[in-house]
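Q: I would like to learn how to read a few features of a model, one at a time. Please give the idea behind each, then the case at hand.

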Amino acid sequence: MPKGSEKLTNARKDEIINACARLYEEKSFREISIRDIGAITSFTRTSIYNYFQTKEEIFLSLLENEYGAWKDELESILNGEELDRIGFSSALASSLEKRGRMLRLLSMNIYDMETNSRIENLTSFKKTYAETIEVLSMALKRFFPSLSDDDVGAFIYSFFPFLFGVYPYTTVTEKQKRAMENVGFEYGKYSIYDLVYAFVSRFLKAFS
């Protein structure tokens, strides 16, 4: 790590992560290289290695930022007005509707990112991930006090794995559509909001 203030180091990391995010809007994970990221920053490819050892570490930091932003919104829900089952389901679905990039990374690239990142980077991500789960658990306990700890745990350990499948079910390519048409499968168009709202409202209804 090059010498310098922590503020400067974080600013440089942010520039690299933001460049990665811009490229990910147009290209796939596999298409993006550290050279590509360097080309749209003030860094050379070699200097990027002072901050990240692999492409996967950059993407993992991007995913951590996405979780951090989601956690902030969950905290706003937690500290906001009282919500019933319908209102809470809608608020949670709306919070995830803004996190398409997070859901895409989860569904397609999480294994590579975690496998090819140093333990300190993975630990930092897991800390943010755990904090996000904690905030959501607190919200469930606030708005649905009749839920037991086991009920909250059942929701968490159903909901977070469910999120891995949201992006593929809401973002279908033309090639995938043609393939489904070829086998006579009727494709239903669902938004992130639709899937999350249906899951949350039905799950919580079962506990009411």
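Predicted model: local features only at pLDDT ≥ 70, side-chain atom pairs only at ≥ 80, totals over all residues.

Q: What is the average pLDDT of the chain?

A: pLDDT is the predictor's confidence in each residue, from 0 to 100. Here the chain averages 93, and 98% of the residues score at least 70.

Q: How many helices and strands does the chain have?

A: Helices (H or I, at least four residues) and strands (E, at least two) are DSSP runs, numbered from the N terminus. The chain has 11 helices and 0 strands. Its C-alpha trace spans about 55 × 50 × 25 Å along the principal axes.

Q: Is Leu92 buried or exposed?

A: A residue is buried under 20% relative accessible area, exposed over 50% and partly exposed in between (1.4 Å probe, protein chains only). Leu92, in helix H5, counts as buried because its relative accessible area is 1%. Its C-alpha atom is 9.9 Å from that of Trp70, 22 residues apart along the chain. Over the chain, 42% of the 208 residues are buried.

Q: Where does Ser28 lie, and how is it classed by accessible area?

A: Ser28 is in the loop between H1 and helix H2 (34-39). With a relative accessible area of 27%, Ser28 is partly exposed. The C-alpha atoms of Ser28 and Ser107 are separated by 13 Å, the two being 79 residues apart along the chain.

Q: What span should helix H6 have?

A: The expected span of a helix is 1.5 Å times one less than its number of residues. H6 (residues 100-115) has 16 residues, so it should span 22 Å; its end C-alpha atoms are 23 Å apart, which agrees.

Q: At which residue does H6 bend?

A: A bend at a residue is the angle between axes fitted to the seven residues ending there and the seven starting there. H6 bends by about 80 degrees at Asn109. Asn109 is also among the buried residues of H6, which include Met102, Leu105 and Met113.

Q: What is the volume of the largest pocket, and what lines it?

A: On a 1 Å grid over the protein atoms alone, a pocket is an open set of points where a 1.4 Å probe fits, with protein on both sides within 12 Å along at least five of seven lines; lining residues have an atom within 4 Å of a point. A volume is the space filled by probe spheres set on the points, which are joined across faces, edges and corners. The largest pocket holds about 230 Å³. Of its 14 lining residues, Lys13, Ile17, Ser61, Glu64 and Ser124 lie nearest the centre. H4 gives the largest share of this lining, 5 residues.

Q: Which residues line the second largest pocket?

A: Its lining consists of Arg104, Ser107, Met108, Tyr167, Pro168, Thr171, Val172, Thr173 and Gln176. H6 and helix H9 (166-170) each give two or more of these residues, with the largest share, 3 residues, coming from H6. The second largest pocket has a volume of about 180 Å³.

How values were computed: Residues numbered from 1 in each chain as written. Heavy atoms only, no water.
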